[in-house]
Amino acid sequence: MNTQRRRAAGYFALLVVVAVSYSLAYQWGMAHLEGRPVTFIHALEVTVQSFTSTGYGEDAPWATAPMHVLVIVMQLTGLVLLVLTLPLFVAPWVERRLEVNPPTSADAADHVVVAGFSARGETLVDELDAAGVPYVVLLDDRETARDLYTDGRSVVVGDPETADGFEAANVASARSVVLDDSDERNAMMALSVRAVDDDVRIVSFAEDRDVATYLEYAGADEVLSPNDILGHSLADKVTSAVSTDLGGTVDIGEDFVVAEMPIQADSDLDGVTLAESAIRERTGVHVIGAWFEGEFAGSPDPDRVIHRNTILLVAGPEDALRELKELTLAEHRVHTRGPVVVAGHGEVGSTVRAVLDGQGVENTVVDIEDKQGVDVVGDVSDPSVLSEAGVADATALVLALGDDTTTVFSTLVAREEVEELDVVARVDEADSASKLYAAGADYVLALATVSGRMLADTILGENVMSLDTGVTIVRTAAPRLAGRTLAGADVRRRTGCTVIAVERDGAVRADLDPDFEFRRDDTLVVAGDDESVATFNEFVGNETTPADADARSGASAP
């Protein structure tokens, strides 16, 4: 018997004892004080009436004071036992009966089993939903599982450290398994998976890069380090933002690519509207979307102003994109590139430095601790420390700190010290990104989002333009649109996706006017975030299958 049942049994036993005691007292009082003897059953009825306040019938009023006191005490006792105390026992019982219990087994096939569930796992699940790929989250925490199940997630309750747990998730029919817990639990889970299926692909996270080998020994096929992923992403953001390098692109057709274009302070495009920028007239490049302070807008309003922290999503010939890239850089930085200051020399910061060193980018590392690899020791939120690190002459500042609050404050200090400095920052919580943009950061990468999207890229071969912004480029058929025009289909309004181009008869057509009419054999190239892509697939009647991953264009994730 569990604790709740023992308490309930004790409560009802107390209620019976108290009711019987009052009934006997009432029976004695009526006989010896009032001179009106009653049966025990009658006395019990009066006791129940007192407890429930339903009335006393022919016995009221009483002639003696002791009987009045007895009835008053009975009423107060009933108030405590039934009105105040009973709900404490009944309410939890009712709630449990009304709760929707998550399943303890799954019959899914060709699905992804996600063992454990963190913020990065949530990002992965969103990607799987967008791609139409079935999944099962395996959890031993029933409360968390119930919450996810109530939110519409596919969940199975079971112990992921045992073979029985993975059998319940039908791992034998899964396409892959994702281990998303602590390093120690991931090792145990990998062994449990292998006890059930020797062939299923296992992808695991490793918080400590040094344990990757042991996870592979346990059976993991691939081991990802979130900190390494984030470090590379930060470094790539810095190098692509301050050079003419296009960074990661998606090839749509012959000499037609999609790329991101971060806008630098004091560039030709800083502070003008999209209409005033005349990007298409000047370069022939199409603007198909943009991120404004981290929020993506497909087919943005021409009157929207471009700022230093705007990132354009553009498509066109590679030469035209390089011409546009020149316009996004400040004139005095086109031919010269200053050093990069890296604040924080943990796993993320050390990865950033390694990437910058590999690309020949001069850098200075600041950390509050004096350790190997640190050039300046001190608190980066101290203006004198920034000055010592040479931030006034730097091209960019990378904030690879482990605390979001410190990162926000350091951004405010750095922006006050050097207005033109490009500030690239990491955060642990995605909710902190908006605060960093408000503080003056140019680019913000959330650890959970970046690692989750990297996981999706590993599992599905997703064409994520970048791991932090997460716009996916999808090449897909859309037979339901046959005979409809681009304006008539109104894909953007109905789904949130933007049609970038159409492949027809082996050629890519990117300059689509509103009267362009779709054919049944057309292949559409569309861009959108996870939710928009999922809505688009539903709108055109697509059901993503494993083969669809091969039909997606090959973006190189940064």
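1. By about how many helical turns are Tyr214 and Tyr217 separated in helix α8? Because these two tyrosines are three residues apart in helix α8 (residues 212-218), the separation is about one helical turn. Helices here are DSSP runs (H or I, at least four residues), strands are DSSP runs as well (E, at least two), and both are numbered from the N terminus.

2. The model is predicted, so local features need pLDDT of at least 70 and side-chain atom pairs count only at pLDDT 80 or more, while totals for chains, interfaces and linings use all residues. Residues are numbered from 1 along each chain as its sequence is written, and side-chain values use heavy atoms, with hydrogens and water left out.

3. A pair of aromatic rings is described by the distance of the centres and the angle of the planes. Rings of Phe, Tyr and Trp (its six-membered ring) pair if their centres lie within 6.5 Å; planes under 30 degrees apart count as stacked, over 60 as edge-to-face and the rest as tilted. The count by this rule is three aromatic pairs. One of them joins Tyr26 and Trp62, whose ring centres are 6.4 Å apart with planes at 90°, so the pair is edge-to-face. Tyr26 belongs to helix α1 (residues 3-32) and Trp62 to the loop between α2 (40-52) and α3 (65-98), so the pair ties together parts that are 36 residues apart in sequence.

4. Accessibility is classed as buried (under 20% relative accessible area), exposed (over 50%) or partly exposed in between, with a 1.4 Å probe and protein chains only. Tyr26 is buried at 0%, and Trp62 is buried at 9%. Tyr214 and Tyr217 also form an edge-to-face pair, with 6.2 Å from centre to centre and 80° between the planes. Tyr214 is exposed at 56%, and Tyr217 is exposed at 65%.

5. A charge sits over a ring if NZ of Lys or CZ of Arg is within 6 Å of the ring centre and within 35 degrees of the ring normal. Arg120 lies over the face of Phe205, 4.2 Å from the ring centre. Likewise, the charged end of Arg304 is placed over the ring of Phe292, at 3.9 Å from its centre.

6. Asp521 lies in the loop between β20 (507-509) and β21 (523-528). This aspartate is exposed, with a relative accessible area of 55%. Asp521 and Ala477 are 44 residues apart in sequence, yet their C-alpha atoms are 7.4 Å apart in space.
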